[in-house]
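Me: I would like the labels used for this model checked against their definitions. Please take them one at a time.

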Amino acid sequence: VQLQASGGGLVQAGESLRLSCVASGSINTIYDMGWYRQAPGKQRELVAFITSGGYTNYADSVKGRFTVSRGSGKNTVYLQMNSLKAEDTGVYSCNARIRTHITLSPMNYWGKGTQVTVSS
């Protein structure tokens, strides 16, 4: 299983970015998908996640500005980030809980992070 994230970049404060993450491989079922970020010198934190049923949850710091969604094929997760702030800067990584055709239980998979830099 692979998770491929894209969409990071350098933007000015107040601008928007959209991150995408596609899961591929021998996938049976994808349950939750989400985004984490790690700022320099800080621990990784949950930004947002979405369940297979569409339930979403957000970090307080991004509520009202970020929107997480799944693609129609359910193997893609997006993070629409509006009104970006300097404190949103960090490496954003996607995460998915996936049951493959081999494993009996779901496992957590991580994609390689994508850098988001917001200049003030």
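Me: Which residue in E8 stands opposite Leu17?

Reply: Leu17 stands opposite Met81 in E8. In E8, Thr76 is likewise the residue facing Val22. The model is predicted, so local features need pLDDT of at least 70 and side-chain atom pairs count only at pLDDT 80 or more, while totals for chains, interfaces and linings use all residues. Residues are numbered from 1 along each chain as its sequence is written, and side-chain values use heavy atoms, with hydrogens and water left out.

Me: Why are E3 and E8 called paired strands?

Reply: Strands (E, at least two residues) and helices (H or I, at least four) are DSSP runs, numbered from the N terminus. Two of them pair if DSSP finds at least two bridges between them. E3 and E8 are joined by six bridges, so they pair, and they run antiparallel.

Me: How do you know that E1 and E7 are the edge strands?

Reply: Four strands form an open sheet in the order E1-E3-E8-E7, with antiparallel pairing. E1 and E7 each pair on one side only. From one strand to the next the twist averages 15 degrees, where axes are lines fitted to C-alpha atoms (for helices over the stretch in contact) and angles run from 0 to 180 degrees between N-to-C directions. E1 pairs with E3 (residues 17-24) over five bridges, and Leu3 stands opposite Ala23 in E3. E7 and E8 form a hairpin with five residues between them, and Lys74 in the turn has a positive phi of about 65 degrees.

Me: What makes one face of E1 covered and the other uncovered?

Reply: In a regular strand the side chains alternate between the two faces of the sheet. In E1 (residues 2-6), Leu3 and Ala5 make up the covered face, whereas Gln2, Gln4 and Ser6 make up the uncovered one.

Me: Why is Tyr31 called partly exposed?

Reply: Buried means under 20% relative accessible area and exposed over 50%, with partly exposed in between (1.4 Å probe, protein chains only). Tyr31 has 23% relative accessibility, so it falls in the middle class. Tyr31 lies in strand E4. Its C-alpha atom is 8.1 Å from that of Pro106, 75 residues apart along the chain.

Me: What makes Tyr31 and Pro106 a contact?

Reply: Contact means heavy atoms within 4.5 Å. Leaving aside neighbours within four places in sequence, Tyr31 has such contacts with Pro106 and also with Ile50, Thr51, Ser52, Arg70, Arg97 and Arg99.

Me: How do you know that Thr89 makes polar contacts?

Reply: A polar contact is a pair of N or O atoms within 3.5 Å; within protein, one must be able to donate a hydrogen and the other to accept it, and residues adjacent in sequence count only if both atoms are side-chain atoms. The side chain of Thr89 reaches the backbone oxygen of Ala86 at 2.9 Å. A polar atom of that side chain also lies 2.9 Å from the backbone nitrogen of Val118. Both distances fall within the limit, so both pairs qualify. Thr89 lies in the loop between E8 and E9.
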